[in-house]
Amino acid sequence: MKKQRQNAIREILSAGNVSTQQQLMDALQQRSIPVTQATVSRDIRELGIVKQQDETGTYRYYLPRQEDVRSLSLPLIVTEAVRLVDCAANIVVVKCRSGMADAACAALDEMNLSWVVGTIAGDDTIFILLRTQKQAAGFAAQLRQLLNEKT
């Protein structure tokens, strides 16, 4: 149900102007997908959706730019090493299998991701610093999605 709902959210945001969570809830309910405000809020965060001004000055919800991560091919070491991706503020936290974080971090560094300020790795954890909280949330959501597609 969650995957179906989140796919519907992506379609809704791709097709039109949604300015409020209520509008998004109404659009989902028109598709016979019952949802609460708390669930929509959680989905917005998990999908890395941001609210920005459009060309007319109106604030609306946008999906993360797809070319950021979707166009990337993750190195094999990253797909094999990573167990969990989360974020806090403007830092993405990547939990890896024991002893693999350093190699996975080096592979991510070699990708020269323009939105990444820097990385640091320990034995089983990578911290990835991004410029903004929105970038971190979007990057974490997209990285999780790419990793889920590989499994």
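Reply:
**The nonpolar patch and its sheet**

In this predicted model, the residues I91, V117, I120, F127 and L129 make a nonpolar surface patch of about 420 Å². Two elements, β5 and β6, each give two or more residues to this patch. One of its members, L129, is placed in strand β6.

Strand β5 is joined to β6, residues 125-130, by 5 bridges, and the two run antiparallel. Within this pairing, A121 has I126 in β6 as its bridge partner. As a general principle, the strands of a sheet pair through backbone hydrogen bonds, in either a parallel or an antiparallel manner.

Both strands belong to an open sheet of 4 strands, whose order is β3-β4-β6-β5 and whose pairing is antiparallel. At its edges stand β3 (82-88) and β5 (116-121), each of which pairs on one side only. On average, neighbouring strands of this sheet are turned by 20 degrees against each other, direction ignored.

The loop between β3 and β4 (91-96) deserves attention as well, for it contains A89. Most residues other than glycine have a negative phi. A89, which is not glycine, has a positive phi near 55 degrees. With a relative accessible area of 47%, A89 is partly exposed, because that value does not pass the 50% limit for exposed residues.

Definitions and conventions
Residues numbered from 1 in each chain as written. Predicted model: local features only at pLDDT ≥ 70, side-chain atom pairs only at ≥ 80, totals over all residues. Heavy atoms only, no water. Pairing = 2+ DSSP bridges. Axes fitted to C-alpha atoms, helices over the stretch in contact; angles between N-to-C directions. Patch = residues over 30% accessible without salt bridge, like charges linked within 9 Å, V, L, I, M, F, W, Y side chains within 5 Å. Areas by Shrake-Rupley, 256 points an atom, 1.4 Å probe, with all protein chains shown as cover. Salt bridge = Lys/Arg side-chain N within 4 Å of Asp/Glu carboxyl O. Buried < 20%, exposed > 50% of the residue type's maximum accessible area, 1.4 Å probe, protein only.
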